[in-house]
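Walk through this model with the sequence at hand.

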Amino acid sequence: MSDQSTVYDCIVVGYGGVGSASLMAAAQKGWSVLGIDRFGPAHDRGSSHGQTRIIRRAYFEHPNYVPLANRAFEMWGELNKRHRTSLDKKELLTQTGLLQMGREDSDVIQGVVSSAKTHGLTIEHFTPDEIRQRLPLFKIPDHFVGVFEPNAGFLRVELCVAAMIQQAVKNGAELKSNHCVQSWDVDQQGLVTVETNRGVYRARRLVIAAGGWSAPLLGNLDLGLQLLHKQQQWFQLDRVDQKLESQFPCFLLEEDNGDCFYGFPEIDYLGMKVCEHSGGVPVSSPADIDRGLDETQLMRTRQFMREYCNYGKSRLVHHSACVYTMSPDGHFFIDRYPGFSNVVFAAGLSGHGFKFAPVLGSYLVDLLEGNQASEFDFLKIGDRAKPSN
Ligand SMILES: Cc1cc2nc3c(=O)[nH]c(=O)nc-3n(C[C@H](O)[C@H](O)[C@H](O)COP(=O)(O)OP(=O)(O)OC[C@H]3O[C@@H](n4cnc5c(N)ncnc54)[C@H](O)[C@@H]3O)c2cc1C
């Protein structure tokens, strides 16, 4: 039931990764906030589920992300302290280290080295023999190298979303789950009206954080977003020790042809998660994703594992469909909605945005207060909103 007499300080559309962080930031300011989601907290239909997400600083995609990654590590650390009030709660962030492998002139290796150099980050360089000795799982060709970021690691993605929502609710945020936003509008006085399938809500400000469903909520603003279905897969492997307890790190490998695969140590007895960062199946909406097992994506991952990993037998124990919302240049969009100073959005996180969620959520709220920061300039719409053909 909607209560049209209530005017919230802020409505946040979508409380997945970025939306839950925005809710937390807005509620911490003391604003009255309403979060609206077509599903509910920490669900598995969008982009923020599947046990783990890598967090790293030496950013191969662009050195401009490094200051944001530094802030993200701090913010997850702070949230972890608040969330882990008892020791039986799992850590949000686990610093296993991240080993990235490929040719010395590959995009990943060059990008990591360049970001580390620009920002004075600590990375260790490994020869193929050093990789094989330290991590016998890997069968690395002689022309590959490794760069190891010791403080990188993984986030427990659903737990992170739940922790941010919990902080928001503690500070007074209201939630409307199973409400689908159909449209929004701003009147001449600047009042925002949000129409859902179950009622109408009003606010002074609006955050749009709708992940794979962003395009229909961005009206005439065509950012050229494209959706890719990605399969997450967990394997049990014989004869290797790839568990968290054995100090096995996260890894990412770029093949000679540019294809990229990544993985995590086995946690919670689910098996080792291995997925492809390149590739994916284009879809026009997250609702169109076939959530059954995609044999083609599985076959590509198995082929990668056969080529680069040593193990006996492997068994697929779990899989889960997820969506990348790609921007034309692979960088996020985070900005004010053109023409409205009280409407902001984040979209097109292009398969690498979760680690930044608290940073993006807090910046969206800053933007609503009229505060821009130059370190986000490269993520503004500018002239980037051109559809790719
Ligand atoms: C397989 C996979 C692996 C990834 N690996 C990494 C990684 O290792 N490291 C990393 O940093 N990032 C990674 N990413 C990217 C990262 O997970 C995403 O960029 C991030 O989670 C996206 O968050 P979001 O808030 O934009 O979207 P979501 O978390 O999907 O949230 C959008 C929310 O909006 C809601 N919504 C949408 N439309 C409406 C509507 N009309 N009305 C109401 N609610 C609505 C949805 O229900 C959803 O809850 C990965 C992504 C995938 C899919």
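Does tyrosine 269 count as buried or exposed, and what is its relative accessibility? The model is a predicted one, in which local features need pLDDT of at least 70, side-chain atom pairs count only at pLDDT 80 or more, and totals for chains, interfaces and linings use all residues. Residues are numbered from 1 along each chain as its sequence is written, and side-chain values use heavy atoms, with hydrogens and water left out.

Tyrosine 269 counts as exposed, because its relative accessibility is 74%. (Buried means under 20% relative accessible area, exposed over 50%, and partly exposed in between, with a 1.4 Å probe and protein chains only.) Tyrosine 269 sits in the loop between strand E17 (260-263) and strand E18 (272-276). Its phi is positive, about 60 degrees, although tyrosine 269 is not a glycine. Helices (H or I, at least four residues) and strands (E, at least two) are DSSP runs, numbered from the N terminus.

Serine 350 also has a positive phi, near 55 degrees, and is a residue other than glycine. Its loop runs between strand E22 (343-347) and helix H8 (357-368). Serine 350 counts as buried, because its relative accessibility is 3%.

Now the sheet. Its 3 strands make an open, antiparallel arrangement in the order E4-E9-E5. Two strands pair if DSSP finds at least two bridges between them. Strand E4 (52-55) and strand E5 (93-94) are the edges, each pairing on one side only. E5 and strand E9 (residues 153-156) are joined by 2 bridges. One partner pair is threonine 94 with phenylalanine 154 in E9. Helix H5 (residues 157-170) lies across E4 and E9, at about 55 degrees to E9. That angle is between N-to-C directions on a scale from 0 to 180 degrees, with axes fitted to C-alpha atoms, for helices over the stretch in contact; contact means heavy atoms within 4.5 Å.

Next, the cysteines. The structure holds 0 disulfides (pairs of cysteine sulfur atoms within 2.5 Å). For cysteine 180, the nearest cysteine sulfur is that of cysteine 10, 19 Å away. Cysteine 309 counts as buried, at 4% relative accessibility.

Last, the largest pocket. Its volume is about 350 Å³. Its lining has 19 residues, with Phe60, Glu61, His277, Ser278 and Met326 closest to the centre. Helix H3 (107-119), strand E15 (226-237) and strand E20 (314-326) each supply at least two lining residues. A pocket is an open set of points on a 1 Å grid over the protein atoms alone, where a 1.4 Å probe fits, with protein on both sides within 12 Å along at least five of seven lines; lining residues have an atom within 4 Å of a point.

Methods
Grid points are joined across faces, edges and corners, and a volume is the space filled by probe spheres set on the points.
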